[in-house]
Amino acid sequence: MERNFVNVIALGFGFMFLFTAFQTMGNIEKTILDSIAADDPTFKGDGYTSLAVIYGVLAICNWLAPSALSICGPRGAMFIGSITYCLFMVSFLWPQTWLLYAASGVLGVGAALIWTGQGTYLSNCSDSTTISRNSGVFWAMLQASMFLGNLFVYFQFQGKTHIDLETRQLVFGVLIGVAVIGIIFLATLRKSSTSVHRSIENIRKEEIHDGGEQDGITDAFKKAINLFFTSRMLLLSLTFIYTGLELSFFSGVYSPSIGFTLSLGESSKQLVGLSGICIGIGEVSGGVLFGLLGSKTNKFGRDAIVIAGFVVHIVSFILIFLNLPDSAPFGDTKETAFLNPPIASLALLCSFLLGFGDACFNTQIYAMLGGEFAKNTAAAFALFKFTQSVAAAASFIYSSHIGLSVQMGILIVTGIIGTACFCIVEWSCRRQKARDSVGAAAKLNAEIHSD
């Protein structure tokens, strides 16, 4: 097995373990914090607000992430970032409102480092022929994190309408231990070996030689600003906005909404964990389909896969609108929607569809950024996470104030816009490649005739 693909597998294991802990925590955070508040009236922490702080800080810090990578490189950035995820989960062992939001802010800084580092490292381990495969394989391994953590939560929450202190501490302790395993994997990543991409470490050495470390930091920031205002990146930003909105919905709003829908029966809280598992099945299915089977699916083009993901999401949004009550995101409710009573199996099917559609979008975004922006990957992935995080933070803020039906409307409108913009950029890239191919052939033909 080639060394770079081994690096991708190791990267996938690191993120799989780390996000087994964090994505499970994000999935249950609203439910857990409501139980903590019921036990301790002085605790005023809110799950949606915590997630909004994380993504808000992440958005701001993404502008500085390329400069940070010029100092510590992608592997160092991922290791530092992973520590902040563990600290965030440790904070739940001592529930304090101020500590929750402070840890959320620290995690936002670390998330900017880990995701920019991940995108750069993955690109460094890939070339134009392997970027789609590597993106799909990484995405499938990352989203496998939705299985074990949520399965554990499913059994721990079984038969409970209130998550007691003993259960909460057991869940937190196990998730923290799993996160530590992920940190160990990320700490042992090897430097990529590729003839196509230079590593960030080598770029940094060149910048120091040419004029000092500070010049490298400043140049990285300027490159990010300049790239953001290119026509292709501005169009892709609208796609990124949609992925941020749907990310926040399926990762922090939808599963708790199922748990709050009491008309689903006494098992509604238990369904929170099952929903996370179904989301993970959808994510992994998409990652495998467009990664391990990439050579067969890529003939349809990145645009076709994104369009398929959008159609899957539209179906899920309509079914959610019909199945869950409008007040479901706010807390326990006995209200019903158009389907009375709501159907648990349909709710879980929508979880799968949300995950599968998200995989369609993200695998193709990773492939595009790693392929079409290969000369400036750190800035490209930082801008992706910046725009996505702004949208996710906004979504978590409005999720506390507007009902499920309006949220579905927002997702449908932004999904149409985001899908159209991705297709426009994809078609532009194809035309550019065709022109470059014709130009190269003409140049070669001229050289042959001149000889």
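Visitor: Where does α1 bend, and by how much?
Guide: In this predicted model, α1 bends by about 55° at isoleucine 28. The bend at a residue is the angle between axes fitted to the seven residues ending there and the seven starting there.

Visitor: What is the reach of helix α1 from its first C-alpha to its last?
Guide: Helix α1 covers residues 3-39, which is 37 residues, and reaches 52 Å, close to the 54 Å expected at 1.5 Å a residue. The expected span is 1.5 Å times one less than the number of residues. Helices (H or I, at least four residues) and strands (E, at least two) are DSSP runs, numbered from the N terminus.

Visitor: How many residues of α1 are buried?
Guide: The number is 27 of the 37, so α1 is largely enclosed by the rest of the structure. Buried means under 20% relative accessible area, exposed over 50%, and partly exposed in between (1.4 Å probe, protein chains only).

Visitor: A change of topic: how many aromatic pairs are found in the whole structure?
Guide: The search finds 25 aromatic pairs. Rings of Phe, Tyr and Trp (its six-membered ring) pair if their centres lie within 6.5 Å; planes under 30 degrees apart count as stacked, over 60 as edge-to-face and the rest as tilted. One of the pairs is phenylalanine 19 with tyrosine 85: their ring centres are 5.1 Å apart and their planes at 65°, so this pair is edge-to-face.

Visitor: Which parts of the chain does that pair link?
Guide: Phenylalanine 19 is in helix α1 and tyrosine 85 in helix α3 (residues 65-90), so to speak distant parts of the chain, 66 residues apart. Both phenylalanine 19 and tyrosine 85 are buried.

Visitor: And what kind of pair do phenylalanine 88 and phenylalanine 92 form?
Guide: Phenylalanine 88 and phenylalanine 92 are edge-to-face, at 5.2 Å centre to centre and 80° between the planes.

Visitor: What about the protein as a whole: how many helices and strands are there?
Guide: There are 16 helices and 0 strands. Buried residues make up 57% of the 451 residues.

Conventions. Residues are numbered from 1 along each chain as its sequence is written. This is a predicted model: local features need pLDDT of at least 70, side-chain atom pairs count only at pLDDT 80 or more; totals for chains, interfaces and linings use all residues. Side-chain values use heavy atoms; hydrogens and water are left out.
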